[in-house]
Amino acid sequence: MNRITPEIWTRLEQGRPAGDNLTARQVIPNINNRLQCALDSEGMRHLLIALYSDDETLYDTQSRGLNVTTRDLVIHSEPPEQYIDIQCLDPIGHTFFDLIGDELADELSKPRSKAAEAVKRVLGRWRRFWGQLHRPLLTKEEMVGLFGELWFLLVWLLPSVGIAESIQRWCGPLGSRHDFEWMWKSLEVKTTTSTHGCIHWISSLDQLSPPEIGELLFFSLHLREEAGAVNTLPLLIKTIFTQLNSNFEASDRFETILANIGYSPAHDAEYSKIHFHIIDQSLFAVREDFPRLVPQQFSTGIPKGIERVKYEINISTFDHLRIARQPSEAQSYLI
């Protein structure tokens, strides 16, 4: 639940200050009184974090759309206190700014939390997403595809190899031919919401070609949109971030991939409206009789003038190629 809402800024706007003053309001006074929303005389939005005596100061002008400084502020004629002041420089980023404030509230509520470290951690996570401000929502097809890859990563791959290795293997969005690649193995993920069987779109002739060395696996996820289901794209991403914890390298790679795909947390409210029920999930071995088209099947080469081949497959009758219906059965294939 968002703590920083448009109403907070509306109330501050009603008492906009003059000169160099700020009008401020605590975000969650009953939990943590260190974080405040503030408005200056020009209507620019700020997040203020009170520093304790052992806190470090912080200055940052490298974060796009933001300016971070440390300043002395006097409140109600009390002695001046130091605050980290995060200023939003671009009104287009107001939605992001509120979400940054929500994450800072969570970070500052943790025991022994250091303000400067919390700000650096949160801004580091959001810096690359700031570039997605003007990106539209993912299409339904893109949402479903991303959900499938994340579901495989979290539910199937992570129990076998751990979170850091799982993120390292996810390389399709970074330009690799298959969604997941590692030594001697590649894996393609396909997700469908079809109501006429387990039907998947294959987008190119190379997609189901095996790696140069090793074997190709195929993960099929069959979903149904259902208002009462618990699975959503933002919840799945949040769960993975929780698993990443303090692994900076893996977190950085994960965020880079999400940004490359075009995912923006600013749209999470919309993404959260779509709930998915898992109908079926299975791991297949892609062998000679797997339903596919590959370049090698064209003995004289792909016909001249054919620029792209996209086709559908139905794997409902290929149980003999199914090697796992649940993650616990797949470990020997995924390590």
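Colleague: Which residues lie nearest the centre of the largest pocket, and how many line it?

Modeller: Lining residues are the ones with an atom within 4 Å of a pocket point. For the largest pocket here there are 41 of them, and Glu 103, Asp 106, Arg 125, Trp 126 and Lys 238 lie nearest the centre. Keep in mind that this is a predicted model.

Colleague: What volume does the largest pocket have?

Modeller: About 1,600 Å³.

Colleague: Okay, and which helices supply at least two residues each to that lining?

Modeller: Helix 2 (94-108), helix 3 (115-127), helix 6 (233-244), helix 7 (248-261) and helix 8 (268-271) each do. The largest share is from helix 2, with eight residues.

Colleague: How does the lining of the largest pocket split by class?

Modeller: You sort each lining residue as nonpolar, polar or charged. In the largest pocket that gives 16 charged, 15 nonpolar and ten polar residues.

Colleague: Now the second largest pocket: how much space lies in it?

Modeller: About 880 Å³. Its lining has 31 residues, and Glu 141, Glu 142, Gly 145, Glu 149 and Lys 190 are the closest to its centre.

Colleague: Which elements give two or more residues to the lining of this second largest pocket?

Modeller: Helix 4 (140-161) does, along with strand 7 (185-192) and strand 8 (199-202). Helix 4 gives the most, with seven residues.

Definitions and conventions
Residues numbered from 1 in each chain as written. Predicted model: local features only at pLDDT ≥ 70, side-chain atom pairs only at ≥ 80, totals over all residues. Heavy atoms only, no water. 1 Å grid on protein atoms, 1.4 Å probe; cavity = no way out; pocket = protein on both sides within 12 Å on 5 of 7 lines; lining within 4 Å. Points joined across faces, edges and corners; volume = space filled by probe spheres on them. Helix = DSSP H or I, 4+ residues; strand = E, 2+ residues; numbered from the N terminus.
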